[in-house]
Amino acid sequence: MGVPLGVGKSDFSEFRESGAYYVDKTEILYELLQDADAAVTLFTRPRRFGKTLMSSMFENFFNIAKDSRALFAGLEITKHKEFCDEWMNQYPTIFLSFKDVAGETFEIAYERLKGQIAKLCEKLEPQLSDAPLSARQRRRFNLLKDRKADAVEIDYSLDFLMGLLRSVYGKRVVLLIDEYDAPLNNAHEKDAVESGFYRRTLDVIRTTLSIALKDNDNLKFAVVTGCFRVAQESIFTGLNNFSSFSVLDRRFSRYFGFSEDEVKALLTAVDRADKFGVVKDWYDGYLFGNSRVYNPWSVVNYVMELIGDRDAVPKPYWANTSGNAILRSFVKKREFDVNDKFERLLNGGTIEQSLSDLLTYDALLDSEDHFWSALLMTGYVTKANPDLCGDSIEIKIPNNEIATIFQETVVRLFSDTIDASKQRALMDAFWSCDEAGASKALSDLLWDTISYNDYHENYYHAFLVGVFVGLGYSVESNKENGLGRPDIVLKDKRSRRALVVEAKRSAKASDMASDARAALERIDAMRYDEGFDGYERVLRYGVAFFKKQARVCASDSD
């Protein structure tokens, strides 16, 4: 039970030295170097699927300035002794993360890029202290280290540092770039506030990486990670011997995320093997290439809670790490009619969609295909079948965690975009005791929203509560009153009036009228309209639902 899990640690050496439980992915090193012709390899995966820890592991393995034998002792890669002799700690290595290159303005983000390069210089300085640098080289290095370099020097910074390391060791350099597209994602989100933010950021990232990666004689090879392969914007265009592996590719598919056996081993290690079913329902379901994997971030966070509380309830831990800007932006584009597709996914179904792993941030919302492709690359949906390939792919929501995120964000976002006049029409009908008007208004609102849980009664209950709360009313839900608990009580104290609503789900459309009357009769039988002293009107409503239809039966106690 005393197994540390290393939650939040992404530095490989810190992770290993702390004794944290490590799911061994080091075999990727051997597989990666079998493709000796690939000068640049790009791995794209959703956030929190182990890219940064993987990049740090690469850095510790290759870096000539380190002795990593103790860190890798007992891990899978050490079974390849000749390979380790040839590659472990044998090459000068640069590891730069763009994860934190972000900000509200381009100037702030650019200063943070300079800060990351300055930190890199500080790490490399001991290796360069005895190097025979010219005065010009020393001055240029100090400008980068002191965050005083100009734009051109920043553009050439990686190329310059690689040249210095090669001059020290007489070997070409391994370059590792983590989360290369994080600055582009940030800039894309902020571009509406600061026009040109995205294009300026793209120019910086494209120029810096192009100089470092294209036809650079100082480069041994490079590994780059991100969420998207940014296409049509020349970051990787023209690269010789370039390989890219996304969630659609089979090769390397098992190295990002946890396999089922790895999850079982982890749960056994912390004496929580009995919780495997819960973990599977909530965090399994991703299909990368032909490998079925679990979300590692969420698994580890939930297991951490299980250690302290065996009855801990699973949560959508991943929801707080990814941001939902792309979902918010897409929902606002009313020209894309995707309600039916979201409903199918939220109710456990699949949809078939044309998808691509070649995307651009500034074109994500240009087409519906781009949007679904972005959701696939960022982990909101996954392939439904490992054997299907081609441009058109069947996709699904992978697990309960993502379904919860969709329910709490997409459903709410679509509700927020409902025409306010339809909501006002509903309330006018309710306060006027207009059965036909209320039935039509409710049906209109249902038509514009996304349903989930396959139209279960609790969905309709939540829908009604959401409509009333969205209009600013104070709502009591399932609060004891009379002889039981009415579904919904809405009090308008200013006007001294109230609504009591009882909702039912009908088995078929022809049952709706009788079900609505039965719901109204229950209000009377259970005396739900009692306890409203001082209110001048208490209106009672039985409401029956069938799919996207509503039938209202009313009674006014005026």
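1. How many cavities of 30 Å³ or more does the structure hold? The structure holds one. A cavity is a set of points on a 1 Å grid over the protein atoms alone where a 1.4 Å probe fits but cannot get out. Rolling a probe the size of a water molecule over the atoms shows where empty space is left.

2. Some ground rules. This is a predicted model, in which local features need pLDDT of at least 70 and side-chain atom pairs count only at pLDDT 80 or more, while totals for chains, interfaces and linings use all residues. Residues are numbered from 1 along each chain as its sequence is written, and side-chain values use heavy atoms, with hydrogens and water left out.

3. The whole chain. The protein chain has 23 helices and 17 strands. Helices (H or I, at least four residues) and strands (E, at least two) are DSSP runs, numbered from the N terminus. The C-alpha trace spans about 95 × 55 × 45 Å along its principal axes. Of the 558 residues, 54% count as buried. Buried means under 20% relative accessible area, exposed means over 50%, and partly exposed is in between (1.4 Å probe, protein chains only). Residues 24 or more positions apart account for 70% of them.

4. The largest cavity holds about 50 Å³ of space. A volume here is the space filled by probe spheres set on the grid points, which are joined across faces, edges and corners. Lining residues have an atom within 4 Å of a point. Those of the largest cavity include Phe106, Tyr110, Pro183 and Ile205. Helices α6 and α11 (197–213) each supply at least two lining residues. α6 gives the most, with four. Eight of the lining residues are nonpolar, one is polar and none is charged. Ala, Val, Leu, Ile, Met, Phe, Trp, Tyr, Cys and Pro count as nonpolar, Asp, Glu, Lys and Arg as charged, and the others, Gly among them, as polar.

5. The pocket. A pocket is an open set of points with protein on both sides within 12 Å along at least five of seven lines. The largest pocket has a volume of about 940 Å³. It is lined by 38 residues, and the closest to its centre are Arg48, Phe49, Gly50, Thr52 and Trp297. α3 gives the most, with five residues. By class, the pocket lining has 19 nonpolar, ten polar and nine charged residues.

6. Helix α12 covers residues 260–269, and its buried residues are Val263, Leu266 and Leu267. They cover an arc of only 95° around the axis, which puts them on the same side of α12. The arc is that of the directions from the helix axis to the C-beta atoms. On the other side, Asp261 and Thr268 are exposed. What covers the buried residues of α12 includes α13 (276–283) and α14. After α12 comes Asp271, with a positive phi near 60°.

7. Salt bridges. The structure holds 33 of them. A salt bridge is a side-chain nitrogen of Lys or Arg within 4 Å of a carboxyl oxygen of Asp or Glu. One joins Arg47 to Glu179, with the closest N and O atoms 2.8 Å apart. Arg47 lies in the loop between β1 (40–44) and α3, and Glu179 in the loop between β3 (173–178) and α10, so the pair ties together parts that are 132 residues apart in sequence. Both Arg47 and Glu179 are buried.

8. A pair within one helix. Lys114 and Glu111 also meet in a salt bridge, at 3.6 Å from N to O. The two are three residues apart in helix α6 (residues 106–128), so about one helical turn separates them. Is Lys114 buried or exposed? Lys114 is buried, at 10% relative accessible area. Glu111 is partly exposed, at 40%.

9. Further links. Glu260, Lys264, Lys280 and Asp284 are linked in a network of salt bridges. Elsewhere, His80 sits in the loop between α4 (69–72) and α5 (81–87). Leaving aside residues up to four places away in sequence, His80 touches Glu27 and Tyr30. The C-alpha atoms of His80 and Tyr30 are separated by 7.9 Å, and the two residues are 50 residues apart along the chain.

How values were computed. Contact means heavy atoms within 4.5 Å.
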